[in-house]
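Me: I am new to this structure and would like a close look at a single part, the nonpolar core. Please describe the core, then the parts around it.

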Amino acid sequence: MELTQRLHSIPEAKCKCFIPPLHYTDYEKTYWGVDTTNGRFAEITLEVCVHCGTKWLNYLVEYEAFSKSGRWYRGVVQDNNLKGIVPGKVVSYFEGLDWFIFGGSYFSSTGMYGKGKVQADL
Ligand SMILES: [Zn+2]
C-alpha cells in the first residue's frame, strides 16, 4: 500500500491556520459533503480561517469497528476549485496538491505536513 509522504515543512506557513496543531475556534466550519467511495462515508467540511480567510477542505474518515482508524486530511481550496469538485473527487484533489496537512488517531498525530497518497481506506 502506498503511504502518505511526510514533509517536514511547507513553503507558505503564512497564518496559524497553516501550522498544526489546529484549533476549531480559528475556523468557520460548514458541512460540504460525504464521500461514499469504498463505503468510507468520509465527512467533508469547508473551513474558512477567521484570521486570514483561507479556505480549507477537511476530509475526515474513521471506521467505528476499528480503534485508531481515524484520519483527516485538509488542503487549501480556492473558490474556482470548489465549483469543479464533488465529494468523490476530494481525495484526488488532495493528491494533486503540493502539500496538505494530515493527522488523526491512525497516525497518532495532531497534524503534520504531507503530500501524495491519501490513505483513506482501511
Ligand atoms: Zn489563516
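Reply: This is a predicted model. The largest nonpolar core has 15 residues, and those with the most contacts inside it are Y59, Y73 and F94. The largest share comes from β4, with 4 residues.

Leaving aside residues up to four places away in sequence, F94 touches Y59, Y73, G75, F100 and V118. Two of these, Y59 and Y73, are named with F94 as the residues with the most contacts inside the core.

The protein has 2 helices and 7 strands. Read from the N terminus on, the elements run β-β-β-β-β-α-α-β-β. The 7 strands form an open sheet with antiparallel pairing, in the order β1-β7-β6-β5-β4-β3-β2. The edges are taken by β1 (4–7) and β2 (27–35); each has a single partner strand, so one side of each is left without a neighbour in the sheet. On average, neighbouring strands of this sheet are turned by 35° against each other, direction ignored.

The loops hold some details of the backbone. Most residues other than glycine have a negative phi, and most peptide bonds are trans. In the loop between β1 and β2 lies P21, and the peptide bond that joins P20 and P21 is cis, with omega at about 5°. The loop between β2 and β3 (42–49) contains N38, a residue other than glycine whose phi is positive, near 55°. N38 has 11 other C-beta atoms within 10 Å and is exposed, because a residue counts as exposed with 12 or fewer. F41 lies in the loop between β2 and β3 as well, and its phi is also positive, near 50°. With 14 other C-beta atoms within 10 Å, F41 is partly exposed.

A further loop, between β6 and β7, holds S105. S105 has 14 C-beta neighbours inside 10 Å and counts as partly exposed. Not counting residues up to four places away in sequence, S105 touches K68 and G70. W56 is 49 residues from S105 in sequence, and the two are 20 Å apart in space, C-alpha to C-alpha.

Last comes the protein as a whole. Of its 122 residues, 22% count as buried. Among contacts with a separation of 6 or more, 50% are between residues 24 or more positions apart. The C-alpha atoms fill a box of roughly 35 × 30 × 25 Å, taken along the principal axes. A compact globule with 122 residues would have a radius of gyration near 14 Å, and the 13 Å of the protein agrees with this.

How values were computed: Residues numbered from 1 in each chain as written. Predicted model: local features only at pLDDT ≥ 70, side-chain atom pairs only at ≥ 80, totals over all residues. Core = buried A, V, L, I, M, F, W, Y, C linked by C-beta atoms within 7 Å. Buried ≥ 20, exposed ≤ 12 C-beta atoms within 10 Å, placed from the backbone. Contact = placed C-beta atoms within 7 Å. Pairing = 2+ DSSP bridges. Axes fitted to C-alpha atoms, helices over the stretch in contact; angles between N-to-C directions. Rg over C-alpha atoms; globule rule 2.2 N^0.38 Å.
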